[in-house]
Amino acid sequence: MNVAVRSHATTKQASEHFDVLIVGAGISGIGSAYHVTKQLPGTSYVILETQETFGGTWTTHRYPGIRSDSDLHTFGYSFKPWVGPPIATAEEILAYMNEVIDENDIARHIRYKHKINSASWSSEQNLWTIEATTTDTGEAKIFTANFLWMCQGYYRHSEGYTPEWKGTDRFKGRIVHPQTWPDDIDLTNKKVVVIGSGATAATLVPNIADTCAHVTMLQRSPTYFRLGRNAIEIAEELRRLQVDEEWIHEIVRRKILFEQDAFTKLCLSKPEQVKKELIGQISAVLGPEYDVETHFTPSYRPWRQRIAFVPDADLFKGIASGKASVVTDEIECFVENGIQLKSGKLLEADVIVTATGFNLAALGDIAVEIDGKPLAFGDTVTYRGMMFTGVPNMVWVFGYFRASWTLRVDLVADFVCRLLGHMKAKGKKKVEVRLRPEDHNMPILPWIDPENFNPGYMMRNMNLLPKRGDKPEWQHSQDYWTEKDEIPKTDLDDKAFVYG
């Protein structure tokens, strides 16, 4: 690789060239940049970020109480100890990321307010050309790169998913989505309905309950939650013993990952036992008179959708206090003063919050071309959920559903750095994955098995995602405990890798 940044004359304007171009300055992009800095010194790279600052999800979402739904000992990076409570606020996560940026001189590599419009690969030049626009001035920017590292996540940051309901134009109050939370909204003494039952709703409801006149969580069907203290006892004990934070970080990560693995296996082997335990925790807070069967007993087995952790049972304490309530019903239509339910009940509201999920955006809504032809991303087959058939010199970071997203950021980054080093040693400029002769009769399947995991945002847009095969190397297994051993052992000279 040529590590120097140089200008290229084009018919449009001069462009800047980098060895690696990272898309997005969220948790994935910053983690990936760290690994480039440490493992590939001398490699030129740039991070292009649409927003005004780093943080991705933790900058986009500004609703009250925004927090992680998995522990920061594993959601944090492997290389940077997390010293706060396991469930952290967006502010705490952003402060942690800022330390990573400062400590590793990453800031000078980030270009904020750069929206990428297109990315085109040329096999003749073995080069990506990325066209972007600055969001503040509208200026066109062109970058070229040897390698494209997609760290933009999987959903559209500009707008959340909102179903179409009849009568929304009749409602005289305000309708807001948590992903585009307005700065000027005042919920004081307002009747608020939060539509949804996932992590966002479970976070939002207890955090506005004291402000509102009343808040109601309206759900079509129940979901699973785990309850517990927002603390890790072993971490507290080790700190009392004045053990080094790096040791604590590693010990606590290993403990949590061991327990998560055991819990996941138990969900698959003894789902009814897990279901009983999870619902039992809720009954213990809400009491025997509460209708847990209706409102908190899902119809599916545990872990077919993400299970949100509720720290210190705050959601359920809010319900028990009477400040919050749950209604399990379907929406007939919106009316002037609230929501008419299919049961016939009227749910009055001054403000309606649609905590109804994401819009999937597989490649960040970037128009991608390979040698002049638009990429049909949904027709490609994935290599371990990172690389894709027919797409040279590109890796996409897609995290885990049943473990912290960032665990895969570290794994993929190690893989990419090893791959780039391998290419340099071989004197190669291009790498892509192709099905081997022994793979051509392999069944080609959807990105994920809906019997295994089926969140709504995936089911709505599965056609946008690449396909998988039925062999471990041709799928994103979602199993960190297997991948942590398999990915580092990947044979980069396997016939699946084609160099040029």
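These legends go with close-up views of a predicted model.

Residues are numbered from 1 along each chain as its sequence is written, and side-chain values use heavy atoms, leaving out hydrogens and water. Local features need pLDDT of at least 70 and side-chain atom pairs count only at pLDDT 80 or more, while totals for chains, interfaces and linings use all residues.

**View 1. Two domains share one chain.** Domain 1 covers 16-157 + 359-499, and domain 2 covers 162-356; these bounds come from an automatic or database domain assignment. Their centres, taken over C-alpha atoms, lie 29 Å apart. Domain 1 brings 41 residues to the contact and domain 2 brings 35, where contact means heavy atoms within 4.5 Å.

**View 2. Salt bridges cross the domain interface.** The rule finds two of them between domain 1 and domain 2; a salt bridge needs a side-chain nitrogen of Lys or Arg within 4 Å of a carboxyl oxygen of Asp or Glu. Look, too, for Asp-69 and Arg-306, a salt bridge whose closest N and O atoms are 3.0 Å apart.

**View 3. Helix H7 packs against helix H8.** H7 (residues 245-269) and H8 (residues 271-286) meet at about 115°, with axes 5 Å apart. Helices are DSSP runs (H or I, at least four residues), numbered from the N terminus. Axes are lines fitted to C-alpha atoms over the stretch in contact, and angles run from 0 to 180 degrees between N-to-C directions.

Technical notes. Helices (H or I, at least four residues) and strands (E, at least two) are DSSP runs, numbered from the N terminus.
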